[in-house]
Amino acid sequence: MALDGMTFTAAPGVVTGFVGPNGAGKSTTMRVLLGLDAADRGTATVGGRRYRDLPNPLTHLGALIDANALHPARSGRNHLLWLAHSQGIDAKRVDEVLDMTGLRTVARRRAGGYSLGMRQRLGISAALLGDPPALMLDEPFNGLDPEGIVWMRDLLRTLAAEGRAVLVSSHLMSELQDIAGHVVFVGRGRAIKEAAKDELTIRYGSLEAAYLELTRGEGALK
Amino acid sequence: MIRAEWHKLRTVRGWLGGLIAAFAVIIGLGVLAAFGVHTSCGQQEGEACPAPPIGPGGQAVQDRFAFVHQKLDGDGTLTAHIADFTGIITYPPPNHDELVPGLVPWAKAGLIIKDGTKPGSAYASVMLTGSHGVRMQHNYTEDKAGPTDARWLRITRSGNTIKGYASSDATRWAEIRSVDLPGLPRTVQIGFLVASPANVTAKPGPHGGSIVQARFTQATAVFDHVDRTGTWTYEKLGDDGGMTDWEKFHHNAGLDQHGGTLTISGSGDVAPAGNEAGATIAHTLTGMIVALIAVFVVAVLFITAEYRRDLIRTTFTAMPHRGRVLAAKAAVIGAVVFTGGLIAAAITVPLAVHLMRSGGNFVIPSSTATGVRVVVGSAALLALAAVLAYAVGALLRRGVAAVAVAVLLVVLPYILATTSILPSAAAGWLLRLTPAAAFAVQQALPSYPQVNMPYAPSDGYYPLPAWAGLLVLAGWASAALALAVARTRRADA
C-alpha cells in the first residue's frame, strides 16, 4: 500500500506545493489521479469526473509525470503533434506552446538529443497543449540549471495568475519558496497538513522550517 | 486516436524505413529471382522447354491419350460397350521388381467428342475409370460421377450441347450430365479415348519430407457393339516421341480392330496440369519471408518502445481508454502494412512473371481472379501477421522476445511445412493450426479430386482454402490482441 488518506485541495489561481520526502507518495498520487495506477478503494476525480471519463482529458488537466518519457528518434514537435491529434487540437497550438516554452528552435530535432532541461520544457509544453484549467507537475525543477529554475518559477506564477490550479510536487521546499501560495505536506502516503503559505510562515517562521517540522521521520513506506 | 497513432508510426524514421525496406525486399527478391530463372531442356544449352498445352479455361493441362476418332459433321451420337478394361503398372511397391497387371484409379476408357486433334482443345467425354466408376468429364477440369456398374456408354452432340449416358443393360439409359462447349465448330472429332496416368505414390523420406515416385502405366480397353461405322483413325495425342521399354518390347499403344470390335491401348491423362508443369505466379513472392521478419520488428517496436521509454504513460494519459488505444494501434499497423504489401505484391507478381516469360521460361497461367487473390491475400497475410506480432509485443512488452515468438509462430511452421523437413501429414497439420495457415492464399493452382497427386505443401498446395487460412491467422491475431488488452487494462501503466 502506497497511499492511505490522501485528501487535499488544489485551488484555482494558486500554485499549490505538494511536498514531502522521496517515496512519500507524491508521484503515486498523481498517477492514481491520471488513472495510470489503480486505487484499491476511494475515488480520484478531476472536476467531479473520473479522469478516464473526461473527453480529451488534456484539455481538462495537463500533467508532467516523467520528462524522459519520449521516443528518442521522434522530434519534440512530432511528439506534441501526436498528442494534439489525440485531443483534436489544432497543429497551430503546438507551435504556440513551443514558443511559450522556448523550444521553437530545437523542436524539429530528435528528442533523444535533448538535455534534461529541454525535456522538462517539452513536458511542460505537452501539459499546456490543451490549455487546461488545471496543471499537475511532478518535480518540474529536476535537471534545470539556475536560469531554468528562474524561468520555471516565472512560468508557474504566470499560469496560476491566469486562474489555473497548479499543483507542483517537489522534495525540496526551497524550490517552491517564493511561488507556492498553498502547501500540502505528505509523508508515508498521507497528507499530513495542508495550509496557506501565510499561515505556515506565521506559525513556523518559514516554509523550510514548516517542512522540516512536519515531515520529520516521514520517510518512505515499505 | 487513429490519427495520433499514425502520426507516431510515421515520425520514427527507422520504423518507416524498416517498412519500406520490407516492401522493397518483396519487389527486389521477386525481380532478382525472375532474372535468375533459366530453364533449358534437351541436349543443347538454352533449348526451350516444351510448354504444356493450355485448355479452353486458360489453365495448363495434360492432353495425352490414345485417340481413335472419325469426323462428325453436325449432330450425331456414338454408343459402345466396354467388354474388357485391363492394364499394367510397372514396378510398383513394395518390391519394385515386377510388372503388375492392374489399373490405376483414374485410368480412363470411354467415348469422346473433341474440337479437333490439337492438344488442349475443347472436349467432352463419358468414360469408365479404373476405380471411380463411370464419369462425365469435360474441358480438363470438370468431372461428374455416373453409375458405378455401367459398361454401356453413349455420347451425343446436338449443337454445342454434349450429353453423356451410361447403362448396365443397353436398354435403360441414365443421363450423367449435359454440358455446353461454347464455340464448338460444325465439324468435330468423335471416337474413343484410352488413357492411364502415372502410378504416383508418396512415402516418407529417410530424412523427413516425402519421396514421390511416378511409374509408367498402360491401359487396354476392348470396345464392342459400336454403333458407328466408317474408318477409325488412331492417334497418340500429345505424343512426345518417347517410348518406354514396355511399349518398345511388349505392347505398344495403338488400335487393333477386328470387325466391330476395337482394342485400344494407351497411356497419359486428360486432366488439369499441376505444379510439375512449371513455376506458378506464387513463385514470384519469395521475398515474403524476409519482409515478414522486417515487418515483425517494426510492429513489435511500435508498442514495446513505448513501454521501454515509459512513453506508454503519456499515451494513456492522453487516451485513457487502454483497450481502444491498443486496438487503434493494431488498426494503424495493420492498415499500413496491408497498403504497402498490396502495392509491393501488385508490382512484383505481374513484373516478375513478365520477366520470367520474356526470359523464355514457362510460367503456369493463372486466372485474373487467382492473381488478385494471391496479391490481395499476400497483403492481408502480411497485415494480419503484423497485427499478431504487435499484439505479442503488447502482451510480452519485450521487443526481442516478441519478435522471436512471432517468427516462431508464423515463419518457422511455414518453413518446416514447405521444405520437406517434416512428414507431409505433420506439415499439413502445421498449416491448419498455426498462423502459417494463411500462406494458403499463395496457392496458385487448385487441387482436383479427379487427379491422383500427392498435393503436398512442399509443392505449393495447402490443406485449407485461402479464406480459411486467413481466418486461422486472424483468430491468432485477435486472441493475442484480446490477451494484450486484458493484461494492459488490469496492470498499472
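In this predicted model, helix H4 of chain B passes helix H7 of chain B in a right-handed crossing, meaning that the near helix is turned clockwise from the far one by less than a right angle. The model also pairs chain A with chain B, and 26 residues of chain A are in contact with 23 residues of chain B. Residues are numbered from 1 along each chain as its sequence is written, and chains are lettered from A in the order in which they are written. Local features need pLDDT of at least 70 and side-chain atom pairs pLDDT 80 or more, while totals for chains, interfaces and linings use all residues, and side-chain values use heavy atoms, without hydrogens and water.

**The H4–H7 crossing in chain B**

- H4 (residues 288-308) and H7 (residues 368-396) of chain B have axes that come within 8 Å and cross at roughly 40°; the axes are lines fitted to C-alpha atoms over the stretch in contact, with angles from 0 to 180 degrees between N-to-C directions.
- Contact here means heavy atoms within 4.5 Å, and among the residues making it are B:Leu292, B:Phe296 and B:Ile303 of H4(B) and B:Leu382, B:Ala386 and B:Tyr390 of H7(B).
- The contact residues divide into 15 nonpolar, three polar and no charged.
- Helices are DSSP runs of H or I with at least four residues, and strands are runs of E with at least two.

**Transmembrane annotation**

- An unreviewed UniProt entry lists "transmembrane region" for several stretches of chain B, including residues 285-305, 326-352 and 372-393; such annotations may be inferred rather than shown by experiment.
- Residues 326-352 of chain B are 100% helix and 0% strand, with end C-alpha atoms 38 Å apart.
- Residues 372-393 of chain B are likewise 100% helix and 0% strand, and their end C-alpha atoms lie 31 Å apart.

- A:Leu36, A:Trp82 and A:His85 supply 29% of the area that chain A buries against chain B, more than any other three residues.

**Backbone details in chain B loops**

- The peptide bond from B:Pro93 to B:Pro94 is cis, with omega near 10°, and B:Pro94 sits in the loop between strands S3 (76-90) and S4 (99-101).
- B:Ala170 is not a glycine, yet has a positive phi of about 70°.

Note on methods: Ala, Val, Leu, Ile, Met, Phe, Trp, Tyr, Cys and Pro count as nonpolar, Asp, Glu, Lys and Arg as charged, and the others, Gly among them, as polar. Buried area is the accessible area (1.4 Å probe) that two parts lose on being put together, summed over both.
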